[in-house]
Number of protein chains: 2
Amino acid sequence: MAPKRATITSIAKHLNLDVSTVSRVLNGLAKKYRISEKTVKLVTNTANELNYTPNKIAKSLRLKKTFTIGLIVPDISNPWFAEIALRIEKESRKVGYNVFLCNSSDDINIEKESMNLLAEWKVDGVIMVPIGLEYDHLLDFYNNHIPLVLIDRFFENVEIPYVSTNDYSGAFDAIEHLIDNGHKNIACIQGVVGTSSNTQRVEGYENALKKHNIPLDENFILGDDFNFENGYAQTKQIIKNLNKTNITAIFSTSNQITLGALKAMKEENINIPDDISIISFDEHNYSDLLYIPISTVTHFDDNLGKKAIELLFNQIDNKTSTQENILLPTHLTKRESVKNRLAKVTK
Amino acid sequence: MAPKRATITSIAKHLNLDVSTVSRVLNGLAKKYRISEKTVKLVTNTANELNYTPNKIAKSLRLKKTFTIGLIVPDISNPWFAEIALRIEKESRKVGYNVFLCNSSDDINIEKESMNLLAEWKVDGVIMVPIGLEYDHLLDFYNNHIPLVLIDRFFENVEIPYVSTNDYSGAFDAIEHLIDNGHKNIACIQGVVGTSSNTQRVEGYENALKKHNIPLDENFILGDDFNFENGYAQTKQIIKNLNKTNITAIFSTSNQITLGALKAMKEENINIPDDISIISFDEHNYSDLLYIPISTVTHFDDNLGKKAIELLFNQIDNKTSTQENILLPTHLTKRESVKNRLAKVTK
DNA sequence: GTGAAAGCGCTAACAG
DNA sequence: CTGTTAGCGCTTTCAC
């Protein structure tokens, strides 16, 4: 906090006016209160001279409104969450809001602590990517009338508004694409079990198999984290058991898993897509620059941030409390990481 | 802001105590003021029952200290800045500070606006990656006693503390590696002209050439942005003029430039490293998974965030005002994107 | 057209 | 051991 900056009071004293007058002028209420041109000029000029900086802390206390929102993400260094943060910050700025950033590090205690902190800061609302395994604390907040919107991960059958992407159909499409290309033994490297993103993606995987009458082998669903290490480890495992399982394709539920998988396959001299095909959730600007251009499920939508802010302000402004959940569409981008096994046969 | 939550006053009334007593108990000053066990229990219990949430806004106003810091970055969706944000958030949390996130979008007006905002919020200090072309507004703040630390980009000969990496020697090493492998016609795709990162990297490039008596061709220094598009466009240009310039290697000053360059070379069927070698600033977990494993200058250091926070708190706590600037070391990671042209000759 | 005064929730100096 | 009081900087109702 900077030392002895000019305040509304110091300006008032300086000019032998009342603080209320100064306040009105500085808030652009001059004509509403019919304050004389002269005073207005005087006030604005000295405010500039004295390098006056309004004190939002004081204002917030008085107004019982802070014009801030809280943003909690599991890991801001994950490009996907950073992308979300960018959108939220920009949209907030547009409506004159500032954002408090909290990184939960995928630790439920930090998530809870962060929510408390944000409550203590009296933020007007919070947008968060929850860790996604527990929601009682979120419900507490929501029911305590702290406007809340979940983004990316959410909870089914829990009354907290969210905006996310249609993970289910994205996964379904990906698997169907694999099946269309003659794959039957498809492994699925999953992320954090219990999160909506994972559940939906795995369900998409399972139902696509079902639709095409391919029996589900539970052992083909591997792993428990969206990170690089999990992708690497599970892929090593898959390669090891290749002659037992006859797996011909991997469905990766995240970009980081894919990177880990690529590393493992490279080390083991597995050829993509000839030995193993791979299709991955998450698109990046390097997706087609990897050693094999990866077919992906793209699910970024410019509306993600906008919609989240929209839902949040609906709550803040006490508008339609009609719970509105939003699921944005996905898109399949086909590249070279999926082999057409049917073509081979026909030829 | 949530409606009518319990306050220190409401608790006091409820218990027929004075607010000061409640305040003391809730701030853990019970024994210092020798408050009876009974009252302590009473207070803490009812605080819990009433779901009391301390109001940091009020506290800040009273204390003239907010326990918040501001963080401004040009683009939070850039993995490098996100990495920085992560470090800053974590370190801040450790010392009980919260962070306001601002994204300047590489727009100097937004940067200025953000600094004003942060000043209005009376943050205790700000850490920022400045856009890097202007610094008068930063100096204003710094001289106005708002603790400030620059990170990544900085200004030489300007008295604002910074922590960054040794871009100069990183570039120098990279170019020397190229030269050692027999390259003489080396293009440099630069980033934003005028930023310290760029200036240092280009100087490293120039001086390495000089040291090895390779004449500098100004036309070999191309571009003006750290982004993908610049990398793509300049590389297209380089390829077009290849038979005039006989360029055999590209020094890319950023990861995004490299990605753009890779895309261009792929499109034009340029073989890396046989036709053109490339060495790049910035290391990522996909650097060796690209279609050609890229030799890079790694410059992330876990200390970056810690040091920045340290410098900031030195200012906040009015400790050693001795301007301390920190330049973290870089490291060269050799992979397969640089061809040894000497070996070819000898064989 | 401008001023007086109360109060947002909290802390801390002073008093007892 | 606990209470009284002033005040952080601001907005806003009411008064003149």
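## Around DNA strand D

For residue classes, Ala, Val, Leu, Ile, Met, Phe, Trp, Tyr, Cys and Pro count as nonpolar, Asp, Glu, Lys and Arg as charged, and the others, Gly among them, as polar. This is a predicted model, where local features need pLDDT of at least 70 and side-chain atom pairs pLDDT 80 or more, while totals for chains, interfaces and linings use all residues. Residues are numbered from 1 along each chain, chains are lettered from A and ligands numbered from 1 as written, and side-chain values use heavy atoms, leaving out hydrogens and water.

Ten are nonpolar, ten polar and eight charged. Helix α4(A) gives the most, at four residues (helices are DSSP runs of H or I, at least four residues, and strands of E, at least two, numbered from the N terminus).

## Polar contacts

These are pairs of N or O atoms within 3.5 Å. A polar backbone atom of A:Asn55 sits 3.2 Å from a phosphate oxygen of DNA strand D. Base nitrogens get attention too: one is 3.3 Å from a polar backbone atom of A:Ala58, and one is 3.2 Å from a side-chain N or O of B:Arg62.

## The sheet in chain A

Six strands make an open, mixed sheet, ordered β7-β6-β8-β9-β10-β12 (strands pair if DSSP finds at least two bridges between them). β7 and β12 each have a single partner strand, so one side of each lacks a neighbour in the sheet.

Methods: Polar contact = N/O pair within 3.5 Å; in protein donor to acceptor, adjacent residues only side chain to side chain.
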